[in-house]
2 protein chains.
Amino acid sequence: MALGMLKAAPAHAYNLEGKGNGKRVIILGAGLAGMTCAYELTKLGYNCTVLEARERTGGRCWSIRNGSKHGELDKPAVTASFDEGLYFNAGPSRIPHHHQLTLHYCKELGVPIQVYNNVNESAYYYAEGKGPLSNKKIRNREVHNDIRGYMTEMMAKTMDHGNLDAGLTKEDAEKVIEYLMAEGGLDIDKLYKASARRGYLESPGAGNRPGKIADPNKLADLIHSGLMDPDFYNVAEYTYELQMTMFQALGGMDQIAKALEKKVAPMLKMSAEVTAITNLPEGVKITYKDAKGEQVINGDMCICTLPLPVLSNVNNNFSPEVSKAIDFISYNQTGKIGLQFKRRFWEEDENIYGGITHTNNDLTQIFYPSYDYLSKKGILIGYYNFNEKAERVGELSFTDREKLALQKGRLIHPQYDQEFERSFSVSWHKTKYNQGGWAVYSNTTRKDYYPALLKPDKNVYFAGEHLTYLNAWMAGAFESARSVVASLHGRVTEARVAYPDTNVKG
Amino acid sequence: MALGMLKAAPAHAYNLEGKGNGKRVIILGAGLAGMTCAYELTKLGYNCTVLEARERTGGRCWSIRNGSKHGELDKPAVTASFDEGLYFNAGPSRIPHHHQLTLHYCKELGVPIQVYNNVNESAYYYAEGKGPLSNKKIRNREVHNDIRGYMTEMMAKTMDHGNLDAGLTKEDAEKVIEYLMAEGGLDIDKLYKASARRGYLESPGAGNRPGKIADPNKLADLIHSGLMDPDFYNVAEYTYELQMTMFQALGGMDQIAKALEKKVAPMLKMSAEVTAITNLPEGVKITYKDAKGEQVINGDMCICTLPLPVLSNVNNNFSPEVSKAIDFISYNQTGKIGLQFKRRFWEEDENIYGGITHTNNDLTQIFYPSYDYLSKKGILIGYYNFNEKAERVGELSFTDREKLALQKGRLIHPQYDQEFERSFSVSWHKTKYNQGGWAVYSNTTRKDYYPALLKPDKNVYFAGEHLTYLNAWMAGAFESARSVVASLHGRVTEARVAYPDTNVKG
């Protein structure tokens, strides 16, 4: 019944009926999924315990600031020494405007949000060592408007000659040509010439300063430098998840985790590393290690939010289907480096406020901070890369990662030399309690393995972004937590309905 | 010499040398241009007086909040009664990231800024009474991605058939096809089908919720409803001035005016309406009216920032060229209405956070507020229109404007009925001390009339957005102010250089 209600109501309505009446739920992992489960189950009257291997909550929802500690599987722990007030989000850094549940929790937990400026026409494309535009930083606005211009020009010309394979009526074709001229900024002869859309050599100003426009890049040059390659040219902005409006939590994304932590603080057992999960006939037994040694805790049910590469190394008596799913679902490699600079040269010298520079080298992306604009210092994300590139960079020592970020970054921003202060890097696939960025499904793994983890294995439920179609997003953690809480609660309350001595309503 | 330095330095460097030594400058108008002149001239040692006709400073840089007073030429004064903390910007509401001087003054004056979210794929297009998509609200993301899809599909098909008039090599053509497929989100057969980029009927979520995508709109329907018309489809986002990143002053754009006001407070004479500007052989005489009657003030020089339609009705002894320029340069008609709602239904029900809905009716645009996201109440800009539409709506009474905004607005947001509280509208061309939105030049007026106002008419200088290529923008006011201050100061200091008893350096 509770589940029935849930379907009909909007995503953020979550009025489950019935009571948990003190049923003991052991939750593994104090990331967003685990803490949300604890928070919602406690509202329903369950007795929750959350086991977290780390000394901090939040999991991947982690902002690096002064004092943040991090080690990797093959590297000793380091401590961040950024200036007070500066931070970068090592994990999720963006909230799409349609992730209602993430925004709902921000509101419910009192976490203020601000715009994450994902789209910035002022940031650059940088093609290292490729083609005629090699090693030039080119503003996004130049690339976007040049390509738009050439494409619409070719199409308008073809239509003028009656050669377009489109089956348009003559009237509609005229409308399309009008559209193409506006879309591409074509001149009256339907040619793409330089346009103010791609920026100025000299800005327009007062008096006799109408501004001076540069010539466009040549189409062949754009092609030969790879700027139209699907893996470089940024169509990412078109994707549903990356369309503006985007948000971030004010003061760091970890403010969401910290706000949840406050709600579930009494239930948290920190520095508790789970070593075994055992289904019992009437409940579940969790074995974990803490400072005092091996501990055991029993519960009626368990919700396991451990990332699958971590869970894969925890002893268990799961079904063969569940074990296979845990082993076969892939996670990606990904990493970020934060670089603190003593001057926001990207703003002061280059008019870049937030947004992303795209490169074809191992940096992949540079993220400019979307907070504290016009202030003195700032932290750039010096690279944010994936897969092979992230793997290569992840292999480096912390010092060599910094070296790489500076060496490649100064090709774009020579100010790096003068202004750099310090760095901090995180490779998620090299990080002990993560061992991956996020779940990446193929059609096969989605079809063959994913379903096994959507049901409880006896008394153990599974939750986290990996059990959604919102992989990598905080919304995945929240949606999954709610889904599992509803499922667990449905089982508990329906069981109780069989007994007349319960107080379950409707 | 001062001017020479200025040219070489970046826009925000402004280290004029030499001293004004108490020269008396009368500045007409306490908008951004006038106050910036006073602020900069005072730094140089001039003795400034600023005459302002209104009881408030800022001119068009005006945020409407509780207590704001406004009358129009044919209408009695009204007072805004919005809730505390709510406001809308009746004048400029956006700062492009490349308007360095505007951002420079925000920094110098200590005005914090925040992102103005000009691009939002979640807002709507709404074609009233036109074609098959008539009276449907369609998300920007649907329109943008459908059109991109169809255009790239047509072009890719034509290229496949070898019919594109482009003169591309075979290799380059292959690259272009790859690009088109990525750009349009085409499938493997180069066809545009529904894509997640245009949004979901059912959002993806946890467990068995992969999300459900709707069919695209038909190309013919988009054409026949005018959604590809250049005056409706939003290519405005491509223009240099409206590209993200954009900013606004935190707490209302008037914070910039108020911060300037603090700097020049001792020089301000408020409620002083200029009635005559007279060049004298050795200075200037300004006649104005205040509460006590007609007043006269004399100065060495004058900087007149009055909008030209206002200046055109002030007695003067200007040269014929200057008089002609004042009369012949056009201003546009424009107006906005702020609508206070007791619930931010656009956020809560429709996931719209900032950005703009475009209509083909008299509303033209609805602006959603880019501040206080997730809070309770909010003010929408219910219309922001220009020219004929603004003229039509400007003719209406305040009450009838509200009626129109609600009647047309509820077609898009039926929640208007339930949630509306109160309104406040401003028609700039109907406003006494403006009589227009901003200067709009044709090639002819720019060539034939503009230059006359760039030089002083004897001892009277002219400043304001109308004397720049940055019309409508606050940057125009700032750039013009600096340009005129440099010009005036150059004249003063160069004159002094002729006399050995001055302290002018270098």
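Predicted model: local features only at pLDDT ≥ 70, side-chain atom pairs only at ≥ 80, totals over all residues.
A salt bridge is taken here as a side-chain nitrogen of Lys or Arg within 4 Å of a carboxyl oxygen of Asp or Glu. Between chain A and chain B, six salt bridges are counted, together with 30 residue pairs in polar contact, both residues being at pLDDT 80 or more.

On the side of chain A that touches chain B, the elements giving two or more residues are α3 (100-109), β8 (113-115), α4 (140-160), α5 (170-184), α6 (219-224) and α15 (474-497) of chain A. The largest share of this side comes from α4(A), which supplies nine residues. By residue class, the side of chain A that touches chain B comprises 40 nonpolar, 23 polar and 15 charged residues. The contact as a whole draws 78 residues from chain A and 79 residues from chain B. About 7000 Å² is buried between the two chains, 61% of it on carbon and sulfur atoms.

Within chain B, B:Phe386 lies in strand β24 (residues 378-386). When neighbours within four places in sequence are set aside, B:Phe386 is in contact with B:Asn332, B:Gln333, B:Thr334, B:Gln365 and B:Trp438. B:Gly335 is 51 residues from B:Phe386 in sequence, while their C-alpha atoms are 6.9 Å apart in space.

Key. Residues numbered from 1 in each chain as written. Chains lettered and ligands numbered in written order. Heavy atoms only, no water. Contact = heavy atoms within 4.5 Å. Buried area = accessible area lost by both parts, 1.4 Å probe. Polar contact = N/O pair within 3.5 Å; in protein donor to acceptor, adjacent residues only side chain to side chain. Helix = DSSP H or I, 4+ residues; strand = E, 2+ residues; numbered from the N terminus. Nonpolar A, V, L, I, M, F, W, Y, C, P; charged D, E, K, R; others polar.
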